[in-house]
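Keep the structure open and follow along.

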Amino acid sequence: MKHSAPRGRQLKRLACLSVATVLLGLLTAPSSGMAQAPADPGTPPGVDEIASTPNLKQVAYLPKTGPFASSFNTDWAFKGKYAYGGNYNGFTVYDIRNPKAPTVAAQVVCPGSQNDVSIYGNLLFLGTDSQRTNDSCDNAGSTAAVPGDRWEGIKIFDISDPLTPAYVKSVKTICGSHTQTLVPGKRRDRSVYLYVSSYNLAAADQPNCALPHDKISIVRVPLRTPADAAVVATPVLFPDGGYGGGTGQSPTTGCHDITAYPEKDIAAGACMGDGVLFDISDRTAPKVITTVRDTVNFAFWHSATFNNKATKVVFTDELGGGAGATCNTTVGPNRGADAIYDIVGRGAKRKLEFRSYFKIPRANTDTENCVAHNGSLIPVPGRDIMVQAWYQGGVSVWDFTNSRKPKEIAYWERGPISATTLVLGGSWSAYWYNGYIYSNDIVKGLDVLQLNDRRTNSARWARTDLFNAQTQDNYRHW
């Protein structure tokens, strides 16, 4: 998701909400959101009230502070006892040794949207997808006429000491890094690869992002010498140009997000107008196995999640760019939703077959931006259960074990930021990590939720020391 940007790339950054409206929302947003909503689950909660099912409770909340108080929160990555939360102004390191009493351990000011974070070993990767005056953390937005005078791409930090992250290196990439996906090297290749996704929605050439932008950038990071990181490939994924777009539907001019399952040598791409299944056996030369389109209900293919067996993919549709009120009866249950596809066949003959849509079964108010967004699996053996952010639609836990009959089993949400004006806010990313759900609220801050349900309680004992949502591990190995 994108919201603000230098002139000339507004269409790439912001789908349908003005910067003035966003700023107004930040100035008028309540600070805590801890009031309790009415008991009737059919009644939308009021401004800043909380509503939830009995099995999903908020156990901690930390508001945004310091240099990040007035800029958007974004994505998560986790390592050990720390959570790393992205923000348009940098990233925050949270100490989560006690999930019910998290603390801010460090803040790194480094402006550049979206500042999505990923971690491998002692390296943190920060994605910049707005054109900046330079590649340092002391930068500003750039409108320089010469493309070479603008920088966007990947910044690398050493987090050996989580309390003092150290800047290591930058890598400039074509069209910046809207999102990046970590893919470990194979066998004796002591490297990690970043699949850098970005896109151009302006339907015109832009500095650093000329059309046709039908590619990704692949950055190789040698783990022993990360300062030698460099772009090693820019494969064209859509030699035919991909989907050309339609009324209310985005053309394919790159990918928004790619989720890799390295153990199984596959990846799933949400590429604006196309859903894609890749073979990533050769880390620097991903091959398209199959593509799928939904020209009826999908507007913008945003992200993808495999089930643990890699026999299914959940794709999300970010209708309205994340800035619209789409969780209502007017839009309906099949747009701005998840789509569940089964992977059928083997090898190069695999196909994606549509099974059903899932959307939260609650109508939000017309002042709440709400659409399917970032989530992750909950490690429940034998079941396909996912936690997911829906912006101001809150956090939903849902079961898609039966691909044709998905169902919600828990939810937690705040009421609207404003009762009168559409204001951007809500949960950007909600992920399961070592027994708890962590939500990065765009306006509010960190929410920690605890799920208590017989269908998911076995997941409490699964433990991992590293979590990036776009790099799926087989949780049976945790």
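Start with Phe157, which is buried, at a relative accessible area of 2%; "buried" here means under 20% relative accessible area, "exposed" over 50% and "partly exposed" in between, using a 1.4 Å probe and protein chains only. Before going further, note that this is a predicted model, where local features need pLDDT of at least 70 and side-chain atom pairs count only at pLDDT 80 or more, while totals for chains, interfaces and linings use all residues. Residues are numbered from 1 along each chain as its sequence is written, and side-chain values use heavy atoms, with hydrogens and water left out.

Now for the aromatic rings. A search of the whole structure turns up 22 aromatic pairs. Rings of Phe, Tyr and Trp (its six-membered ring) pair if their centres lie within 6.5 Å; planes under 30 degrees apart are stacked, over 60 edge-to-face, and the rest tilted. Phe157 has such a partner in Phe91: the two sit edge-to-face, 5.4 Å centre to centre with 75° between the planes. Phe91 belongs to strand S6 (residues 90-95) and Phe157 to strand S10 (residues 151-158), so the pair ties together parts that are 66 residues apart in sequence. Strands (E, at least two residues) and helices (H or I, at least four) are DSSP runs, numbered from the N terminus. Phe91 is buried too, with a relative accessible area of 0%.

Tyr199 and Phe300 make another edge-to-face pair, because their ring centres are 5.6 Å apart and their planes meet at 65°. Tyr199 is in the loop between strand S13 (191-197) and strand S14 (217-222), and Phe300 is in the loop between S19 and S20, so this pair ties together parts 101 residues apart in sequence. Tyr199 is buried at 3% relative accessible area, and Phe300 counts as buried at 7%. Elsewhere, ring pairs link Trp76, Phe78, Tyr94, Tyr431, Tyr433, Tyr438 and Phe467 into a cluster.

Next up, the nonpolar packing. A nonpolar core is a set of buried Ala, Val, Leu, Ile, Met, Phe, Trp, Tyr and Cys residues joined through side-chain atoms within 4.5 Å. The largest one has 19 residues, and those with the most contacts inside it are Trp301, Phe306, Val313, Phe315, Tyr341 and Leu352. Elements giving two or more residues to this core include strand S20 (301-306), strand S21 (312-317) and strand S23 (351-358). A second, separate core of 18 residues includes Ala389, Val397, Ala430 and Ala459. Back at Leu352, its contacts (heavy atoms within 4.5 Å) include Val292, Val313, Phe315 and Tyr341, leaving out residues up to four places away in sequence.

Finally, two sheets. Strands pair if DSSP finds at least two bridges between them. Six bridges join S12 to S13, and Leu182 has Leu194 in S13 as its bridge partner.

The other open sheet also has four strands and antiparallel pairing, in the order S3-S30-S29-S28. Strand S3 (56-63) and strand S28 (427-433) each have a single partner strand, so one side of each is left without a neighbour in the sheet. Four bridges join strand S29 (residues 436-441) to strand S30 (residues 445-451), and the bridge partner of Ser439 in S30 is Asp447.
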